[in-house]
Amino acid sequence: MAQQGGTVVAQTHKYLTFKLGPETYGLDILRVQEIIGMIPVTRVPKTPAFVRGVVNLRGRVIPVVDLRIKFETGEADDTELTCIVVVQLAGQSTVMGVVVDEVSEVLDISVDQIEDTPDFGAGVQTEFVRGIANVDGKVIMLLDIVRVLSGEELSVVERLASEA
Amino acid sequence: MARRSAPPTLEQLAETLILTDPHDADALSDLEDIFSRYADWAEGSAAPEIADAAAECAAMARGIREAGTGTNEAIGALGHAFERLQRTALAFGVSSAEADGSPGSDDPRGRDATGRGTKPAATSSVPSESVATSGPDDPGCESSIVEDRSLIADFVTRAGELLDGADESLVVLEREPRRRDLIDDVFRAFHTLKGMAGFLALDHIQETAHAAESVLDAPRHGEGALASQDCGTLFDAVDEMRRQVAGVMSQGGPPSANSESPEPASAAAATVEARPAIDSSADPSRGHVDVMRPTIRVDEGRLDRLLDAIGEMVIAESMASESARADAVLSERLAQQLGRLDKITRELQELATSLRMMPLSATFRRMGRLVRDLAYKSGKQVELLVAGEDTELDKEMVDRINDPLIHLLRNAIDHGIEPPDARVAAGKHAVGLVHLRAFHEGGAVVIQVIDDGRGLDVAAIEAKARELDLIDPNTALEERDALALILAPGFSTAREVTDVSGRGVGMDVVKRAVEDLRGQIEVETTPGKGTCFTVRLPLTLAIIDGMVVRVGEERYIIPTASIQRSVRPDPSTVTSVLNRGSVLADGDGFIPLMHLGAIFGTPGSEPDPSRGIVVVCEAGTRRVGLVACEILGQQQTVIKGLGEDLRGAAGLAGGAIMSDGRVGLILDVVGLVAQANAGGGE
């Protein structure tokens, strides 16, 4: 239901907004399980660079990806504001952590505030941006978190997340 | 009840009979005594026919004792006499007589609540338990199932699982008839089913399974593909076995009805009788628990979450205490409270770990009967000596070790122990000894099956392996490697296919099952003296013993089970080979070195082995030296999965929560070596 929200007129959804470098992104709140402060991440060898590794989430081992590396927004050092957004990929069984620079706020964004992703021409991948919202002059890119990771990358993360 | 003590139950008689050592005069006298007591009770409270049958058993037990030694025939005859006794008792509806005569035979509901899990003892639940014992022994079809209901229920559950698995594989095989792994899977399923059915004397199932196995012989040996009509035959065979298994299950119902109809029993007794049958048909897996102490079944996922949470609590507690201690002005009160918390946490953790543990005794008890029957069938004289049945293991491991143990015992009796005359000719006692024992050793549970038979013929094994093309024709085999071959798929030195064992499956099933449990199996043999199979298992599947090593800034855990030793190598013993790798000179050979830092791309790792530490590990049949910076210590850790594919790809067995709450990665040494070889030394 949440995914198809865009087609229903004047419907609003809650989005968790966060910062990656200078840009602001939004994430469907229904996908967010919790937000935890930055904790030590154990690197897993032979995984793509944007996979930061695995962390201990109350006894579960879950994979953590760093969208700053994935989106090439400039590799920022972790600060006190850096945190991990724990999102559900498919059902409750597969969860992963997403490292973001700063969590901003939860916004109600109505469908008419969302515009289709502009075409930046070939070479710029935009399929993981579900749309761009304009809220009080701020531009928020709404992420389709499942699509953020391409098939192959997702399978790496899912493999890390399964059995966790 | 006239007698002071409650009469023995049929089940107690059966157990005593199975556990009686035919050379032990005291035990035989006990056996005689218990049969006499049963006869006395039957004389007074039941039918004289039952008393006669029991008296006959008692007389046979006395006969064996007086003869000084129990021959196979005598023990076998006693077993048959006991089966007659059971049938007689059933035919006379002794169940109801017992229920009436037993002290305080309360209403069946009471039993349902309390008696169900109670091990049969002299309580009110006993009579109904003994009905359950004779329940499956349908007098109409003369089947000789005298084991308790739990075995049948267990069998039905397992058979269902095996057939489901076979079905699944067959469906794929129909499309891809060349999948050798699936052919082997199906074969193993049939083979295991055959073994279990044979054990329970379910001859019709055994035959069907055997026939189904034979269909697979051709594709297994040579052709490699399963013909489509054979596939149909196998589907039919699976269906047939399902019907047969269902038949076994329903047989558990009718007999109690049968025994009611000829001789109407009291209403209470009839209810008592009917109940176990209903119970087990509704949920076959229950039967397994029925003979144990009272239990509560808990969803496994919930239990795991509890263990996870407790694990986290232990870490949080130790970190809190640590921080408090670092505080210089720690109040005395806080220190006391923390101390108390620490104690409670520890106790809770121990308790949590023990939740999943159960003793091996139930498994071992079944083996007594198995060995007796196998020995009888193969015309050999075998005595089983059991030790350490109180050793506890994770519930799942106890369940899963059952089949491998059956295979090992089967193997010991069929291939190990010689026929009596051959033994005497070799200067041994006519009765072969098979030891089945379990004990703890260094945080692991060791189960050994030792026979004093002819031992393994290493030369024959090697010849057979060459014939089967299992080894490179140009290499010479060491004895150790040759012995390992008997655990390879498709290998058997038995010349003929017998009912008891032998088609070459079996030992590889054992090996796979043990490895699935993260255990190891070893074979030692002395020609003419016997063979010892040692199975080493971790206490639980969830916990791994590991050595924590530092590699650069990272920590990895090497499973202790695969470590041989660790050395700080002298620079002169490390040689670079073609500038691509290095080896460590060790005695008369070389151990290839693997730099964990280089393999994992770890920042800040030490490239020079002589300044780090080399952990020599066993990877399958090979040795390899893992180079790390230093050893941080030993730790027991709970394994957390990382996912199937990733594990193999990166040479990791899983993750583990370390004492500081961080995640450490557990190495899979075998996978690491395989992957390094495949990757051409990345």
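Among contacts in chain B between residues at least 6 apart in sequence, what percentage join residues at least 24 apart? In chain B, 68% of such contacts join residues at least 24 apart, where two residues are in contact if their C-beta atoms, placed from the backbone, lie within 7 Å. This is a predicted model, in which local features need pLDDT of at least 70, side-chain atom pairs count only at pLDDT 80 or more, and totals for chains, interfaces and linings use all residues. Residues are numbered from 1 along each chain as its sequence is written, while chains are lettered from A and ligands numbered from 1 in the order in which they are written.

**Confidence**

The predictor gives the complex an ipTM of 0.76 and a pTM of 0.50. Residue by residue, confidence is given as pLDDT, on a scale from 0 to 100. Chain B has a mean pLDDT of 73, and 73% of its residues reach 70 or more. Within chain B, the lowest confidence falls in helix α7 (residues 126-134), with a mean of 35, and the highest in strand β4 (residues 432-441), at 90. Residues 95-147 of chain B stay under 50, and the model has 134 contacts beyond four places in sequence for them. The pLDDT is also below 50 over residues 253-292 of chain B, a stretch with 82 contacts beyond near neighbours in sequence. Where pLDDT is low, the predicted coordinates should not be read in detail.

**Chain A**

Chain A has three helices and 11 strands; helices (H or I, at least four residues) and strands (E, at least two) are DSSP runs, numbered from the N terminus. Its elements run β-β-β-β-β-α-β-β-β-β-β-β-α-α from the N terminus on. Of its 164 residues, 38% count as buried. A residue is buried if 20 or more other C-beta atoms lie within 10 Å of its own, exposed if 12 or fewer, and partly exposed in between, with C-beta atoms placed from the backbone. Among contacts in chain A between residues at least 6 apart in sequence, 58% join residues at least 24 apart.

Two loop residues of chain A have a positive phi. Most residues other than glycine have a negative phi. A:Lys46, in the loop between β3 (32-37) and β4 (51-57) of chain A, has a phi near 65 degrees. A:Lys46 is partly exposed, with 17 other C-beta atoms within 10 Å. A:Asp136 has a phi of about 50 degrees and is found in the loop between β10 (129-135) and β11 (138-143) of chain A. A:Asp136 is exposed, with 6 other C-beta atoms within 10 Å.

**Chain B**

Chain B has 25 helices and 18 strands, and 43% of its 682 residues count as buried. Axes are lines fitted to C-alpha atoms, for helices over the stretch in contact, and angles run from 0 to 180 degrees between N-to-C directions.

| Helix pair in chain B | Axis distance | Angle |
|---|---|---|
| α2 (residues 25-45) and α3 (residues 48-67) | within 8 Å | roughly 165 degrees |
| α15 (residues 300-326) and α16 (residues 332-355) | 10 Å | about 155 degrees |
| α18 (residues 395-416) and α22 (residues 507-516) | within 9 Å | roughly 150 degrees |

Angles under 35 degrees count as roughly parallel, over 145 as roughly antiparallel, 65 to 115 as roughly perpendicular and the rest as oblique. Therefore α2(B) and α3(B) are roughly antiparallel, as are α15(B) and α16(B). The crossing of α2(B) and α3(B) is left-handed, meaning that the near helix is turned anticlockwise from the far one by less than a right angle; clockwise would be right-handed.

By class, the contact of α2(B) with α3(B) has 16 nonpolar, two polar and four charged residues. Here Ala, Val, Leu, Ile, Met, Phe, Trp, Tyr, Cys and Pro count as nonpolar, Asp, Glu, Lys and Arg as charged, and the others, Gly among them, as polar. α15(B) passes α16(B) in a left-handed crossing, and the residues of their contact divide into 13 nonpolar, three polar and two charged.

α18(B) and α22(B) also have a left-handed crossing. Residues of this contact include B:His407 and B:Leu408 of α18(B) and B:Val510 and B:Val514 of α22(B). Buried residues of α22(B) include B:Val510, B:Lys511 and B:Val514. The buried residues of α22(B) pack against α9 (180-199), α18, β6 (520-526) and β7 (530-538) of chain B. Just after α22(B), B:Arg518 takes a positive phi of about 60 degrees.

Notes: pLDDT is the predictor's confidence in each residue, from 0 to 100.
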